[in-house]
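Please review the following briefing alongside the sequence and the coordinates.

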Amino acid sequence: MDLQAIWFFLWGLLWALFFMTDGFDLGIGTLYPFIGKTDREKRIMINSLGPLWDGNEVWLITAGGVTFAAFPTVYAVMFSSLYTALMLILFALILRGVSFEFRGKVDSPAWRKIWDTAIFVGSFTPALLFGVAFANIFQGIPFDREGVYHGTLLTLLNPYGLIGGVLFLLLFLQHGALWLTIRTTGDLQQRARKTAGIIWWVLLVVAVLFLVFTKFATGLYDNYISHPLLFFIPVVAVIALIGTRLLLAKGAFLNAWLTSALTIVACTFFGIAGLFPNLFPSSLNPEFSLTAYNASSSPLTLRIMLIVVLIFIPIVLIYQIWAYRLFTDKVTDKDLAYEEAY
Amino acid sequence: MDVVLLSRLQFAAATMFHFLFVPLTLGLSMIVAVMETKYVRTGDEIYLRMTKFWGKLFLINFALGVVTGITLEFQFGTNWSRYSAYVGDIFGSLLAIEATVAFFLESTLLGVWIFGWEKLSKKAHAIVMWLVALAGNLSALWIIIANGWMQHPVGYTIRNGRAELLDFVAVVTNKFAILQLFHTLGAAFILSAFLMMGISAYHLLKKNQVDFFTKSFQIALVFGIVATFFVAIEGDMHGVHVSEVQPAKLAAMEAHWETASRAPIHMFAIPDEENEKNSIEIGSIPGLLSFLGYHDFDAEVRGLKSFPKDQRPPVWITFLAFRGMVGLGTYFILVMIVAWFRRNRLLESPLLLKVMLFSIPLPYIAIELGWVLAEVGRQPWIVYGLMRTSDAASPIAGSQVLATLIGFVVLYGLLGAMGFYLMYRHAKKGPKAAAAS
């Protein structure tokens, strides 16, 4: 593999890790008004993701940063053409982050209500729009040779984009509900478990529709047909999805969550593998498409960044896994009583 | 409306707002780490209460710092795509390294620190705080190396129609960036110290938890006095380097129009950009600008008129920002000296305490002015001498930027107001009373 191909893979991996980690807290934020019945339950939900959401969000910054470092032209064209969609995502993430911090700081129902709404809006919007954005990338984006985008926000809300958005949303909802089953007890846990079970069926249906629609809306399968071995990626996704069902039924919640994480990674890679070597295809003319080869940084920068990433990403994974392991126990009333708790 | 102007306004609003919260995450985090270490070492409950009280202030602040930081990274792509494509080979990698090496550590461990009081040993918990503080400062290092490269680009070559990396070591050891880094870190400590001393002063004036706030005041004072002197001396070195690599900025800082040796500094001046002169100059000290720029009273300083009009920064803003920053810096030194001599008689010094209380906003103003000077003084370049700001914006519609600019101002205005309100409430309420022993 050459440097550009390695970086293409790492680029996909970092986005996949972002979806895998932040996915569950975006999911919980979206489920939040529906599953949390009392203030105590709501607080348990927020505190279940409290120690982890911030570290999760850094995967987004890293994915964005690596896009900038390794494929500057992609970074430039992708984020300027998806301007409004990305800004909506960022505004939502800002709102969500401060909501966790602010919600419990003033003891008033009206105050908490504001932030409850903000948590829902701030979680639902990115969960949906990331899917919309990536489905559109799979499909191709109308931009010209100069990187000028010929469309609006509504252009992105086409049927394939929307089904991609719904797919991501469902993946994150399931991921979030499963996380709740790990960290909660009693009624709340039962509700989360039931929700995860229901979402699973919807997810299955939408995933099948998405795979079929992909055949007609995109060229992703071309790579699969010329390299049939790649089909192991969607197969992994399917096996992981089935695994989630079985493990959930057994009450092995942590393992069910891990298979759900694997499903998300495999789903992301299903698209990434189909895209190669395109990073940001143009729907106007394939010649304008930005690929790993025509949009990358210089070999020197790619080499230096490869060293940085190969050293530090494993270190990050080690301490994040340590942090996750610290916080997979049940959220108790004692946890809620801390001054610092959300 | 003009995309470049709107994008500049948006970037200015987003960075300046972001930087209201960054200094405390650099300075206060360290001070909290020191307090927690003292608690672990001595077992004295007062240090635990200090850690928790000042730590909570740090946390409210941190939340706003993080969420406003995320948008900055993406704005290079959304609003400055020509810039990003042209210099991403160098600039992008610095941002990516910042996230990978520093920001991950800070964010992940802060979560552990907030929720891990019972899960970790006391010692491990204190180490986590140190790592959070160090990672925050390490973050600043990479961001400022990136900004330093825009100020004074080094280690690159123009190839394939863009700036490409030639010498990574030259980029990370860029003298401009190093000087700017220490200036910023020092300023962050000044701000943190003033905030702590101001809040402590408020409670001391009310004779509230005297022991707690006297100790807090004194700890902050040590950081503050070192930092004020450090920033002044370091700022002087920074000034000399600016005169070498950004002579137009130096000239604009002092509204210096004609090239001259023994160039003066005017105590009071009103620049007149139209007629390329100062309409009023009072109290001129000959040779002082030469000394500031070159450490030599007789040195020749290039005047603004020696630069083509399209290579001069806006004089008024640069001039005022510099004066404001230096004036406030001088004031900080004086206040710190007075506070130092009264440090053991704080209760008998109500005037000093009042001054400290009302000085809380001043370092915020100084630090913002410093960035205005650095960024506006660099104009018309986005990368000094290499790329113009006017060539850097994205090919997007002005209406798009206008909409998000309004969004930023409204959202940030509301969140900022609430954030500062929560900090104010927490600061005013004071720490929980000590458990009866």
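Which residues does B:Pro431 touch, not counting residues up to four places away in sequence? B:Pro431 touches B:Arg49, B:Phe53, B:Gln209 and B:Phe212, where two residues are in contact if their C-beta atoms, placed from the backbone, lie within 7 Å. This is a predicted model, in which local features need pLDDT of at least 70 and side-chain atom pairs count only at pLDDT 80 or more, whereas totals for chains, interfaces and linings use all residues. Residues are numbered from 1 along each chain as its sequence is written, and chains are lettered from A and ligands numbered from 1 in the order in which they are written.

**Setting of B:Pro431**
- B:Pro431 lies in the segment that follows α13 (398-429) of chain B; helices (H or I, at least four residues) and strands (E, at least two) are DSSP runs, numbered from the N terminus.
- B:Pro431 has 19 other C-beta atoms within 10 Å and is therefore partly exposed; a residue is buried with 20 or more other C-beta atoms within 10 Å of its own, exposed with 12 or fewer, and partly exposed in between, with C-beta atoms placed from the backbone.
- The C-alpha atoms of B:Pro431 and B:Trp54 are 8.8 Å apart in space, although the two residues are 377 residues apart in sequence.

**Chain B overall**
- Chain B contains 13 helices and eight strands.
- The C-alpha trace of chain B spans about 75 × 50 × 40 Å along its principal axes.
- Of the 437 residues in chain B, 54% are buried.
- Among contacts in chain B with a separation of 6 or more, 77% join residues 24 or more positions apart.

**Interface with chain A**
- In chain B, 54 residues are in contact with 57 residues of chain A.
- The largest share of the side of chain B that touches chain A comes from α3(B), with 22 residues.
- The residues on this side of chain B divide into 30 nonpolar, 18 polar and six charged; Ala, Val, Leu, Ile, Met, Phe, Trp, Tyr, Cys and Pro count as nonpolar, Asp, Glu, Lys and Arg as charged, and the others, Gly among them, as polar.

**Helix α5 of chain A**
- Helix α5 (residues 83-103) of chain A is largely enclosed by the rest of the structure, because 20 of its 21 residues are buried.

**Confidence**
- Chain B averages a pLDDT of 92, and 99% of the residues score at least 70; pLDDT is the predictor's confidence in each residue, from 0 to 100.
- For the complex, the predictor gives an ipTM of 0.90 and a pTM of 0.92.
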